[in-house]
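Visitor: I would like to learn how to read a few features of a structure. Please show it to me and start with accessibility.

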There are 2 protein chains.
Amino acid sequence: MTAAAGGLVTAERLRAFFEPRSFALIGASDRSAFSKLVLANLVDAGHGDRTHLVNRRQATVHGRPAHPTCAAIGEPVDLAFVMVPVAAAVDAVRDAAAAGARGVAVLSSGFAETGEEGRARQRELLAVAEELGLVVLGPNVLGFVNVAAGVPAMALSDPPAVPGNVALISQSGASCGAMKDFAALAGVGLSHVITVGNEAMVTVGHLVDHLVDDGATEAIAVFMEGVREPAVFAAACRRAAAAGKAVVALKAGRSELAARAAASHTGALVGDDRVVEAVFGRLGVIRVDTIEEMLVTAGAAAHTGPLERPGVGVVSISGGACDIIADLADAAGAVLPELAPATVRRLAEALPPYGHAQNPLDITGAAIMDPELWRASVAAVGADPGVGVVVAVNSLPWRDGAPQENRASFYGQRYVDAIGKGMRECKVPALYLTQVTQPIGEAARAVLESGGVAHAVPGLRLGVDALARIAAWSASRASDTAELGAGPTVPCAVERVPFSEVDARELLVSAGIPVVPAWHVHSGEEAARAAAGCGSPVAMKIVSPDIAHKSDLGCVRLGVTADRAAAAFEEIMAAGRVPAAGGARLDGVLVAPMRGGADGQPAVELLVGVTRDPDWGPMLAVGLGGVFVEVLDDVALTPLPVSPARARALLTGLRGAALLRGVRGGPAADLDRLAGVVAAVGRLAEELGPDLEALEINPLRVAGAEIEALDVLVAWRP
Amino acid sequence: MTAAAGGLVTAERLRAFFEPRSFALIGASDRSAFSKLVLANLVDAGHGDRTHLVNRRQATVHGRPAHPTCAAIGEPVDLAFVMVPVAAAVDAVRDAAAAGARGVAVLSSGFAETGEEGRARQRELLAVAEELGLVVLGPNVLGFVNVAAGVPAMALSDPPAVPGNVALISQSGASCGAMKDFAALAGVGLSHVITVGNEAMVTVGHLVDHLVDDGATEAIAVFMEGVREPAVFAAACRRAAAAGKAVVALKAGRSELAARAAASHTGALVGDDRVVEAVFGRLGVIRVDTIEEMLVTAGAAAHTGPLERPGVGVVSISGGACDIIADLADAAGAVLPELAPATVRRLAEALPPYGHAQNPLDITGAAIMDPELWRASVAAVGADPGVGVVVAVNSLPWRDGAPQENRASFYGQRYVDAIGKGMRECKVPALYLTQVTQPIGEAARAVLESGGVAHAVPGLRLGVDALARIAAWSASRASDTAELGAGPTVPCAVERVPFSEVDARELLVSAGIPVVPAWHVHSGEEAARAAAGCGSPVAMKIVSPDIAHKSDLGCVRLGVTADRAAAAFEEIMAAGRVPAAGGARLDGVLVAPMRGGADGQPAVELLVGVTRDPDWGPMLAVGLGGVFVEVLDDVALTPLPVSPARARALLTGLRGAALLRGVRGGPAADLDRLAGVVAAVGRLAEELGPDLEALEINPLRVAGAEIEALDVLVAWRP
């Protein structure tokens with residue numbers, strides 16, 4: 001547990017919370033689907049003797065004796081379910097504490113999700129729980145299932161009972177049924193199902209942190225609408241990444257419509273999705289778009305762990321599947337590497353003469369007569385130096401009722417056996433991939449187990465997308481760990497005062513960021529001399545710590561020739577003295593040569609800036625300026641810190657990156673130098689400390705190795 | 001049947017081919033999985049008495065008597081399966097004809113898919129079949145299943161037996177098993193499964209044409225690697241679109257890797273994928289990326305038919321599903337319209353006070369107690385004037401073994417009943433959508449049927465993607481039908497000779513395409529006068545029908561001032577006379593004012609061109625010039641003809657379309673006028689007739705309503 005978690009939600013308390021041995025259902029009633037389901041689940045799991053019903057009015061509920069209060073049970077209670085109407089929830093929590101409960105799952109709704117009044121109720125609930133030392137799950141939850149511990153403490157029908165290695169966390173309780181159904185269909189085993197509802201106390205971040213230390217859990221799937229306590233979440237995700245446990249998040253709200261929809265039925269503010277995307281990427285959180293992708297990706301990641309190499313080696317008996325996979329991989333960014341000459345030779349020996357030893361590999365119908373071809377091909381592809389994971393694409397029986405004979409003969413136990421043998425010879429992880437989405441049910445699992453195949457994924461799109469994401473996660477995990485390990489930087493001794501452009505230029509220079517040469521002048525005569533010295537038209541801007549929008553006030557002149565410079569100086573100073581400038585302090589004018597256009601040197605303009613996100617802190621943005629940012633919104637974002645390597649990746653990932661490689665006759669940008677400058681901007685922003693609101697260079701002019709900041713802005717938080 | 005089909009493949013012959021009553025399996029053998037499967041299927045379907053085995057050496061095969069030849073059967077044979085080794089295939093075809101067969105399905109492989117020798121064998125096979133008047137399916141096929149007619153004439157295990165309304169055509173036989181399995185899982189009923197293999201005679205186009213007239217078929221799913229006989233395919237797809245029967249194609253080869261993969265295991269050349277994309281769009285072919293999308297989209301389209309409006313109205317009991325759908329719709333381009341005030345009022349009466357009457361609509365947990373809320377909401381959304389199709393998102397039982405009691409209570413027959421009622425009140429088509437991908441098996445179908453729900457789709461992504469595609473198809477179908485109905489244009493009387501720039505400019509002017517003013521000069525003196533008349537620097541280019549690449553030879557001068565024009569004239573003419581110009585005919589120089597940059601008028605440059613695709617004929621390309629085409633390859637393609645409305649859609653669909661709306665301080669382009677010019681380029685290309693290789697305007701300069709072709713090229717086919 002990281003220091004950030006703090007408060008009541010400690011590692012020890014959470015462990016205890018998820019392993020209760022006795023239960024009270026406060027507000028159990030014959031009309032409540034909640035108490036009926038929770039009771040049935042606990043009884044079925046063998047906890048009937050230690051499950052108590054509490055109802056203030058009725059002595060019998062669900063055909064069992066009920067107690068008027070928790071305290072009246074007369075036995076200690078570990079976990080209390082609060083199912084009473086919202087107005088009675090606080091009393092129920094006090095009652096639970098009186099019976100010695102260490103935790104409560106508040107199933108009642110009517111809290112923060114309903115508006116201001118509800119938020120007040122939730123604050124009261126939280127305050128009471130904190131006072132009494134209780135861990136609170138919810139409110140507005142359905143509870144949880146700890147599958148490994150055999151605790152189905154949840155209002156969920158048919159809870160998972162066979163322990164698996166994927167933990168599922170969901171802000172939505174209602175969708176949990178569909179999620180665990182799909183997990184069962186897809187052959188994804190669950191270690192936990194935890195609903196978090198309004199996250200009044202226990203947040204997704206606390207749970208991720210808890211599950212990183214859970215021996216049964218190898219990957220964590222999260223369905224969320226917003227991120228509460230970003231710092232806790234971020235720290236937990238970093239620990240998960242370091243542990244090689246993938247966090248796979250379905251976070252709704254990419255589109256405006258979804259953001260509005262989410263706002264209408266939860267209290268969650270979804271935030272700027274591009275920031276979320278950037279932050280999740282840095283935290284090693286794998287983002288997905290559907291429940292199916294979430295569970296399949298988590299299931300696959302739990303099986304493979306981080307990949308050593310991104311290359312996917314595909315072995316299939318269907319040429320059609322090879323075509324489809326190649327297209328899907330291209331779209332998803334999965335790498336299907338060319339096979340090494342040694343692999344090609346090895347495969348050529350195994351394949352029929354009309355076969356082609358390539359990736360994706362079609363082993364052809366010859367494998368129908370000769371299943372050994374499967375083993376040899378999977379093993380050969382798995383030994384290729386460019387391959388980090390192998391997938392074998394084949395059918396699987398999908399009807400649990402199918403006759404055994406059918407299963408063994410047509411669906412081909414012998415093929416699965418051969419595939420399993422090949423997989424066991426691989427030094428890299430291997431997955432079985434079905435050609436179409438299908439249930440991986442009993443019949444399929446029996447065939448797989450008998451063949452020694454550890455994990456199967458249903459369908460080409462889900463499989464290819466999952467592997468592309470796992471590969472990207474594996475790669476970023478390595479680089480991010482190194483980068484983030486640099487530790488906190490020490491703020492430099494800069495006063496938190498408004499900066500004039502001259503001050504800001506000095507700051508950049510001190511941070512090693514090149515700026516366009518300029519003359520700071522205090523008279524028309526000095527201005528004319530400076531302009532003449534430039535030998536080209538100049539840009540002139542007022543110097544004032546108080547004027548942010550210089551152009552709006554007429555305090556900027558562009559393309560001024562030497563003979564006009566003196567007059568321009570006077571005009572600019574006069575403009576700075578108008579009432580609209582509000583008595584701004586004026587400190588002369590900055591004279592700098594005009595760049596681009598007139599001097600004939602083709603250049604690319606970038607914007608590089610750092611702004612503060614309310615949830616996630618300073619974010620660095622880099623984009624191609626001019627038409628690219630205006631028309632295409634071609635900007636890459638990342639949280640700080642930013643290493644030169646990451647800066648380079650951001651730059652080359654821009655849609656207009658070809659401009660930096662020197663199309664249109666311009667020189668190629670010196671990418672190493674440019675990446676260094678971008679990283680220096682990030683470092684400077686860190687050094688300026690938490691009071692920095694924005695540091696923006698726009699434009700940063702790049703002409704080959706010539707890089708200069710032409711304009712800079714520094715703003716502090718109000 | 002369209003005229004293009006021609007030859008032996010007539011509508012009547014195809015109908016007869018797919019309704020055979022007697023069968024011969026030539027080359028049946030105990031070791032052949034093909035003959036074993038085909039025989040078992042025909043026997044199971046009640047055709048055992050009229051199914052005959054033919055084996056030259058063995059008197060008994062599969063425990064049944066076998067005949068040495070077809071002719072020896074002594075009874076007429078409608079359809080013969082050729083399963084003999086490739087070298088004996090032609091003899092087998094002759095034997096089939098001798099027994100009176102009208103068609104053969106050639107399962108043997110070793111033909112065009114294996115190289116030049118195989119192609120020769122295939123030509124021979126085709127020639128013999130044509131001589132004997134036989135329809136040939138294949139070679140390299142598995143046969144077909146005519147589900148409605150009860151003819152499983154295919155080497156496919158467990159062929160579909162319950163007739164549905166989606167016909168499945170596949171170039172790949174091997175993948176058919178996975179396809180029909182997924183169709184069964186997804187509740188997509190099949191009318192036919194037809195494998196086409198190498199398409200020596202019967203092509204996908206012939207089959208689409210046949211199925212347009214098939215009463216059992218409402219939509220057609222096609223898995224293909226390349227398109228054979230594009231003209232037949234195109235005509236058939238147009239008929240399908242006119243009939244409102246969607247053709248849904250999974251055509252592999254979007255990526256280079258897939259194109260290479262396909263080339264290695266089929267004879268199919270995949271062609272330029274961007275052309276395929278453009279052509280399919282115009283033909284009303286819905287393109288998909290996976291087998292799942294293909295079948296689900298075809299199943300949904302067979303149910304909905306063309307939509308009257310693109311708007312999708314979503315009703316769900318899960319807020320989480322609403323969020324996911326909103327994001328998926330945004331990504332897929334599905335329209336979730338805002339609800340009309342009347343709908344909002346109607347819903348507000350039905351919903352609980354904390355509900356929000358919006359689209360996607362979360363009807364909240366209140367529907368658990370009050371299923372009527374489902375009916376009222378589905379009906380209200382279905383009556384909204386912006387909604388063209390309604391989806392109700394809910395769970396469905398997914399385990400066929402689930403106890404009946406469970407099914408009725410937890411999974412909620414009463415909810416499905418209420419949804420079904422609401423759907424029957426809708427005037428627009430309605431679909432049931434499960435929250436996660438799951439089998440729509442027996443249990444689910446029983447619940448749906450009992451509730452009167454006609455069609456269900458498994459999973460949000462598949463459902464949303466399918467509806468987005470069906471909506472786009474519905475819209476394009478309407479516009480394309482009108483546009484294509486214009487009929488062929490009459491070629492204009494232009495001689496097929498090399499064009500000089502002067503000739504090409506005249507051609508544009510005659511077609512109503514504006515060109516930059518220019519002076520055609522024949523002396524230095526005239527050049528100087530022209531340049532002076534322009535009042536700005538000029539561009540000077542040689543006029544010659546024989547010099548295509550003028551710049552390479554130094555026959556172009558840009559930015560020439562009036563005082564330099566005479567000298568430039570001499571230099572250009574001298575450059576045209578060098579030996580490298582190959583004695584080109586010279587006809588003076590064209591002098592035109594320079595545009596852009598210097599005159600300060602901000603303008604956008606486009607390229608507009610028509611080139612001939614070997615498969616699909618003339619294709620019009622329009623793109624933003626300069627950095628956009630170089631860096632982003634931002635070009636839209638479409639086959640001719642191009643109406644102004646379509647031209648406008650192409651322009652506004654460009655990624656950099658914001659430039660045309662006048663970002664960067666420039667004026668907004670006159671889109672109507674621009675679309676008219678683009679359409680005129682297409683019309684001119686049509687009029688120039690089939691010998692035109694390329695007609696290219698680059699750049700077309702657009703400054704507000706001012707539109708001018710600055711440079712033009714006309715090239716004829718060699």
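Guide: Buried means under 20% relative accessible area, exposed means over 50%, and partly exposed lies in between (1.4 Å probe, protein chains only). This is a predicted model, in which local features need pLDDT of at least 70 and side-chain atom pairs count only at pLDDT 80 or more, while totals for chains, interfaces and linings use all residues. Residues are numbered from 1 along each chain as its sequence is written, chains are lettered from A and ligands numbered from 1 in the order in which they are written, and side-chain values use heavy atoms, with hydrogens and water left out.

Visitor: How does B:E277 count on that scale, with its relative accessible area of 37%?

Guide: B:E277 is partly exposed. B:R254, at 32% relative accessibility, is also partly exposed.

Visitor: Which residue forms a salt bridge with B:E277?

Guide: Side chains of opposite charge can pair when their charged atoms come close. The cut-off for a salt bridge is a side-chain nitrogen of Lys or Arg within 4 Å of a carboxyl oxygen of Asp or Glu. B:E277 pairs with B:R254, and their closest N and O atoms are 2.9 Å apart. The pair links distant parts of the chain, 23 residues apart: B:E277 is in helix α9 (residues 273-283) of chain B, and B:R254 is in the loop between β13 (246-251) and α8 (256-265). Helices (H or I, at least four residues) and strands (E, at least two) are DSSP runs, numbered from the N terminus.

Visitor: What separates B:E116 and B:R119 in helix α4?

Guide: About one helical turn, because they are 3 residues apart in that helix (residues 116-132) of chain B. B:E117 is exposed at 60%, whereas B:R121 is partly exposed at 27%.

Visitor: How many salt bridges does the structure hold over all chains?

Guide: There are 56. One network of salt bridges links residues including A:R254, A:E277 and B:R461.

Visitor: Where is the side chain of opposite charge nearest to A:D362?

Guide: Lys and Arg count as positive and Asp and Glu as negative; His and the chain ends are not counted. The nearest one to A:D362 is B:R228, 14 Å away; A:D362 is buried yet has no salt bridge. A:D362 lies in strand β16 (residues 361-362) of chain A.
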